[in-house]
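Thanks, everyone. Let's take a quick tour of a few residues. Please have a look at the structure first.

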Amino acid sequence: MNIKVSIILPSLNVVDYIERCLNSAIHQSLRELEIICVDAGSTDGTKEILDKYAEKDSRIVVLHSGKKSYGAQVNMGLEYASGEYAAVLETDDWVSPEMYRCLYENAAVDGLDYAAADFDLVYRLQNGADYFVRQCLFHEDKQDWYDRILEPCQIVTLRSSDYVLWKGIYNREFLNANHIRLHESPGAAFQDMGFLQQVKTHAKKAIYLNRSFYRYRQDRENASSRELDGLHYYEKEFRWMNEDLKLCGSLKGIDRKYYYFTMSISFLTKYDQIIVALNGNWQDQRLIGTYAWFRNQISEAVNGG
């Protein structure tokens, strides 16, 4: 079978959510899939569920990562993948049945570097029902940017506005040709930031569909986005881009400005979120050193024009 999309599912102790996630991948209307489950040592029964599903569906393979790192898990999946396009499905979320067919059909016809769509935040109500809130990438005067081929490396605003990798599929030849991978830092927080900055630097052809397929769960208490060390994770991600990838130094003009704008938005949003959770304790050790690093980076950028 010619694999059209490789779906990578990184997991670690998500027993309460994994079956809904897996079922949403299995029942896609696009059948030419491979489902690559990369587990980082789950101890709550997640691994056993993955193995059970793999026995029943030949499209599912279970890999094991020795590193508890979201980036390392996704990279392992990318190295294993054989599909024309690759996608990431986080294992506490789920997707609608037509997601990968619609994205693939729009991407493949013109050989696009990637195709993406909107997504929904999902809140669990007290009565057990799901409440969906659509997150739109383009608003008002940019509605005509949907459903047409764009050139992301020429639309610098996408650096700051398109900030999650799982709502799209990415051409594997494009990723490999440009050596695009995730930062293999510990944990599972914000490692798609560096991936997407690389994508926006190199992508020549992409499309955003005016539809929503991905269901992003908001009720998981131990989600990485809730961690009070979030600002430190952002620092590690931007340090990796700056020092290892040399990405900032390679950008010129307005691309460089929007890279720093993205850094500023990431810093300010996360700082505000954490300081509220800390009841205004700006002297907390989880903020002080990292705050200074971001302040220096952004001050230098402002002083440099």
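Tyr131 is partly exposed, with a relative accessible area of 47%. This is a predicted model, by the way. Tyr131 sits in strand E7, which covers residues 130–135.

Next, the backbone. Asp147 is not a glycine, yet its phi is positive, at about 60 degrees. Look for Asp147 in the loop between E7 and strand E8, residues 149–150. Is Asp147 buried or partly exposed? Partly exposed, at 48% relative accessibility.

His179 is another residue other than glycine with a positive phi, near 55 degrees. Find His179 in the loop that runs between helix H6 (172–177) and helix H7 (192–202). The relative accessible area of His179 is 66%. The cut-off for exposed is over 50%, so His179 counts as exposed.

Last stop, Asp93. This one is in the loop between strand E4 (85–88) and strand E5 (94–95). Asp93 is buried, and it has no salt bridge. Which side chain of opposite charge is nearest to Asp93? Arg217, 5.2 Å away. What does the side chain of Asp93 pair with in a polar contact of 2.8 Å? The side chain of Tyr214. Leave out residues up to four places away in sequence, and Asp93 touches Cys21, Tyr214, Arg215, Tyr216 and Arg217. So much for the tour. Over to you.

Technical notes
Residues numbered from 1 in each chain as written. Predicted model: local features only at pLDDT ≥ 70, side-chain atom pairs only at ≥ 80, totals over all residues. Heavy atoms only, no water. Helix = DSSP H or I, 4+ residues; strand = E, 2+ residues; numbered from the N terminus. Buried < 20%, exposed > 50% of the residue type's maximum accessible area, 1.4 Å probe, protein only. Lys, Arg positive; Asp, Glu negative; His and termini not counted. Salt bridge = Lys/Arg side-chain N within 4 Å of Asp/Glu carboxyl O. Polar contact = N/O pair within 3.5 Å; in protein donor to acceptor, adjacent residues only side chain to side chain. Contact = heavy atoms within 4.5 Å.
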